[in-house]
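Hi,

Here is the structure I promised to pass on. Have a look through it first, and then read on for what turned up.

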Amino acid sequence: MYNIIHIDEKWFQLTKESEHYYLLPEEEDPIRTCKSKNFIGKVMFLVAIARPRFDEQGNEIFSGKIGVFPLVTREPAKRNSVNRVAGALETKPIASVKRDVIRSFLIEKVIPTIKDKWPREDSRYPIFIQQDNARTHIPQDDIEFCRVAKEDGFDIRLMCQLPNSPELNVLDLGFFSAIQSLQYKESPKNVDELINAVERAFEGFSARKSNRIFLTLQSCMIEIMRGKGSNKFKIPHMSKAMLEREGRLPTQLKCDRELV
């Protein structure tokens with residue numbers, strides 16, 4: 001599991017449609033404005049993460065955070081406004097994310113970042129990028145991807161998770177919701193501020209909490225085997241934070257012999 005990188009896309013919005021506030025009697029109601037609550041600004045991000053690694057003393061040696069890549073373009077402004085002059089570059093979300101866009105981001109951003117951040121001692125072993133079965137994702141034998149993935153002595157391969165099984169991807173299992181809750185603590189006013197907020201939330205998320213999500217992934221795999229491939233199960237709870245405080249958090253979970 002240490003050589004598998006989970007990737008997926010997610011929309012992040014500038015703000016929630018509704019917010020709850022607790023105010024004192026003398027406090028004024030906060031004012032939140034936007035052009036339309038049906039068209040709140042948003043950006044899609046491609047996120048890649050692997051399992052973090054720690055030494056025998058529990059010190060972090062690899063965070064597992066490959067990167068968070070906003071699917072945006074930089075275009076010159078067509079006319080003057082109060083925020084910028086005509087011709088100034090402005091950031092715009094990619095409205096339609098198709099297979100060519102995903103291919104270019106994998107080849108130009110994800111793979112170079114993997115080669116730069118991956119632990120040197122494991123660079124000669126196969127590295128798997130796990131994606132879901134969305135139509136916009138490239139096939140496992142994509143010619144352009146395979147050519148770039150084999151360069152510089154690396155062996156990077158694509159693999160697809162089981163269909164209709166979001167619990168088999170740590171991003172859907174808990175990482176996305178965790179960094180989104182951190183992003184909502186800020187109040188970005190435009191696309192650039194939203195990108196910075198998401199990147200700070202990504203970098204600020206604890207590698208130890210990320211490691212717990214990978215253990216939850218293992219427990220989901222065990223439940224799927226118990227159900228003979230069914231995805232109808234409840235995500236098990238292990239009190240991982242307590243086990244970690246007591247120094248009893250396992251590196252991997254064991255399953256019953258009859259399930260194998």
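A residue is called buried here if its relative accessible area is under 20%. Please keep in mind that this is a predicted model.

Let me start with helix α4. By that cut-off, L194, I195, A197, V198, A201 and F202 of α4 are buried. They lie on the same side of α4, because they cover an arc of only 165 degrees around the axis. In general, an α-helix has 3.6 residues a turn, so residues three or four places apart point the same way. What do the buried residues of α4 pack against? Their partners are the strands β1, β2, β5, β6 (72-76) and β7 (89-93), together with α3 (170-183).

At the start of α4, the backbone nitrogen of D192 has a side-chain oxygen of N190 within 3.2 Å.

Now for the nonpolar cores. The largest contains 30 residues, and I5, I114, W118, F145 and I156 have the most contacts inside it. Elements giving two or more residues to this core include β1 (4-13), α1 (99-117) and α2 (143-149). The largest share, 8 residues, is from α1. As for F145, this residue touches L106, I107, I111, I129, I138, I156, R157 and L158, leaving aside residues up to four places away in sequence. Another core, of 29 residues, lies apart from the largest one, with V170, L173, F175 and C220 among its members.

Conventions. Residues numbered from 1 in each chain as written. Predicted model: local features only at pLDDT ≥ 70, side-chain atom pairs only at ≥ 80, totals over all residues. Heavy atoms only, no water. Core = buried A, V, L, I, M, F, W, Y, C linked by side-chain atoms within 4.5 Å. Buried < 20%, exposed > 50% of the residue type's maximum accessible area, 1.4 Å probe, protein only. Helix = DSSP H or I, 4+ residues; strand = E, 2+ residues; numbered from the N terminus. Contact = heavy atoms within 4.5 Å. Arc of directions from axis to C-beta. Polar contact = N/O pair within 3.5 Å; in protein donor to acceptor, adjacent residues only side chain to side chain.
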